[in-house]
Amino acid sequence: MKITKAAQAGASESSDILIMVMPNEEGGIKLELDSKGVILKQFGKQIEKVIREKIEEMGVQDIVVKAKDKGALDYTIRARVQAAIERAI
Amino acid sequence: MKQYRKSILFVSGNNPKMLQDAPIFGSDGVVFDLEQAVAVEEKDSARLLVKEALRFLDYSGVDVIIRINALDSGYGEQDIELIARERPFAVMIPKASPEQITKIESKLAKIELEEGFPAESIKLIPVIETAYALQYVHKIITSSPRITGVFFNAEGLTADFGMQRTKKGEEIIYARSRIVVACRAEKLNAIDTPFLDSNDYEGLEKDCYRARNMGFTGKAAIDGRQIKIIHDIFD
């Protein structure tokens, strides 16, 4: 699946995550995660894993994802990634 | 009487924190609102969030009710298609009419068959919030065996009539009476409109007594702090 434009979903509010996606001209999946230092240290890898799993599940290949996390649980991350990608198709 | 007899707590379907906190206040039911509480441009995102929440969070101690968008809004069908597959306790139908209920019922029957759910396991709760629904309330509540009760939305009804809402609620006495008689005759839950000033506990108490003494089985809440008072009075 190819995304054709930039889009975003979610919010920069407590327990949520703001996901911004855009086509990656260089190819592949590029992920940039922005969160509080302590959260990034403790949960950064898990957040990244959830985002990557959702992207792969949706069959998206060339994508840049920028994520601004405010303490979102896995289910919120999955929902916001899916919404952003569906809006970008 | 079925479950969610005394209280239902409304939360926005697009707010993760509210979805996570919803079960902790002890209400009989929680209503994840995809309609009024969600802006048009966020309908898709809220629908996905509620779907994921139903898969991920533990709502085993509470009846999960999804207020979908009306079918004629262009969002209702997608709400049902995505959410019903997670098997909520019930779907709440805004601007209820017998025609809309028939359409929703056939969609639910198809999904239940495809997913292997027992037939008629997903219940329906029509919202009475239009003059039409009030006039035909008995026809509405007897239009499907899935219907377990009714939610009276006074804000919607008074807007439909162009009336001003007051805390005392004299303007909704007839509507409350008509709904209660229909529900009691069919032994269904009758859930009264929420009291919107969440900091006025005395006002909430008075409004609960009024609704209880008219025959409502319970009351909707818009804030978890309202649940205790509602339960004390509708016990």
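Let me begin with one residue: leaving out residues up to four places away in sequence, B:Ala182 touches B:Val137, B:His138 and B:Ile141, where contact denotes heavy atoms within 4.5 Å. The model is a predicted one, in which local features need pLDDT of at least 70 and side-chain atom pairs count only at pLDDT 80 or more, while totals for chains, interfaces and linings use all residues. Residues are numbered from 1 along each chain as its sequence is written, chains are lettered from A in the order in which they are written, and side-chain values use heavy atoms, with hydrogens and water left out.

To return to B:Ala182, this residue lies in helix 8 of chain B, residues 173–185. Helices here are DSSP runs of H or I with at least four residues, and strands are runs of E with at least two, numbered from the N terminus. B:Ala182 has a relative accessibility of 7% and therefore counts as buried. The term buried means under 20% relative accessible area, exposed means over 50%, and partly exposed lies in between, with a 1.4 Å probe and protein chains only. Between B:Ala182 and B:Ile141 the C-alpha to C-alpha distance is 8.0 Å, although 41 residues separate them in sequence.

I turn now to the strands of chain B. Strand 1, residues 7–12, has 6 of its 6 residues buried. In a regular strand, side chains alternate between the two faces of the sheet. In strand 1 of chain B, both faces are covered: B:Ser7, B:Leu9 and B:Val11 are buried on one side, and B:Ile8, B:Phe10 and B:Ser12 on the other.

Which strands pair with strand 1 of chain B? One is strand 8 of chain B, residues 218–221, which pairs with strand 1 in the parallel sense over 3 bridges. Another is strand 2 of chain B, residues 29–33, which runs parallel to strand 1 and is joined to it by 5 bridges. Pairing requires that DSSP find at least two bridges between the strands. B:Ile8 has a bridge partner in each: B:Ala220 in strand 8 and B:Gly29 in strand 2.

In the loop between helix 9 (201–214) and strand 8 of chain B we find B:Thr217. With a relative accessible area of 4%, B:Thr217 is buried. Its side chain reaches the backbone oxygen of B:Arg5 at 3.1 Å.

Strand 2 of chain B has 5 of its 5 residues buried. One of these is B:Asp33, which is on the side that also holds B:Gly29 and B:Val31. B:Asp33 forms a salt bridge with B:Arg67, with the closest N and O atoms 2.9 Å apart. By salt bridge I mean a side-chain nitrogen of Lys or Arg within 4 Å of a carboxyl oxygen of Asp or Glu. B:Asp33 lies in strand 2 and B:Arg67 in strand 3 (residues 63–67) of chain B, so the pair ties together parts 34 residues apart in sequence. B:Asp33 is buried at 4% relative accessibility, and B:Arg67 is buried with a relative accessible area of 4%.

A second salt bridge in chain B joins B:Asp200 to B:Lys167, again with closest N and O atoms 2.9 Å apart. B:Asp200 is in the loop between strand 7 (189–192) and helix 9, B:Lys167 is in the loop between helix 7 (154–161) and helix 8, and the two are 33 residues apart. B:Lys167 is partly exposed, with a relative accessible area of 46%.

In chain A, the side chains of A:Glu48 and A:Arg52 meet in a salt bridge at 3.6 Å, N to O. Both lie in helix 1 of chain A (residues 37–57), 4 residues apart, about one turn of the helix. Over all chains, the count comes to 38 salt bridges.

Finally, the interface. How many residues of chain A are in contact with chain B? There are 17, and they meet 16 residues of chain B. The two chains bury about 1400 Å² between them, 52% of it on carbon and sulfur atoms; buried area is the accessible area (1.4 Å probe) that two parts lose on being put together, summed over both. In chain A, A:Tyr75, A:Arg80 and A:Arg87 lose the most area to chain B, together 45% of what that side buries.

The count between the chains is 4 salt bridges. One of them joins the side chains of B:Glu52 and A:Arg78 at 3.0 Å, N to O. Helix 2 of chain A supplies the largest share of the side of chain A that touches chain B, namely 10 residues.

Terms used. Polar contact = N/O pair within 3.5 Å; in protein donor to acceptor, adjacent residues only side chain to side chain.
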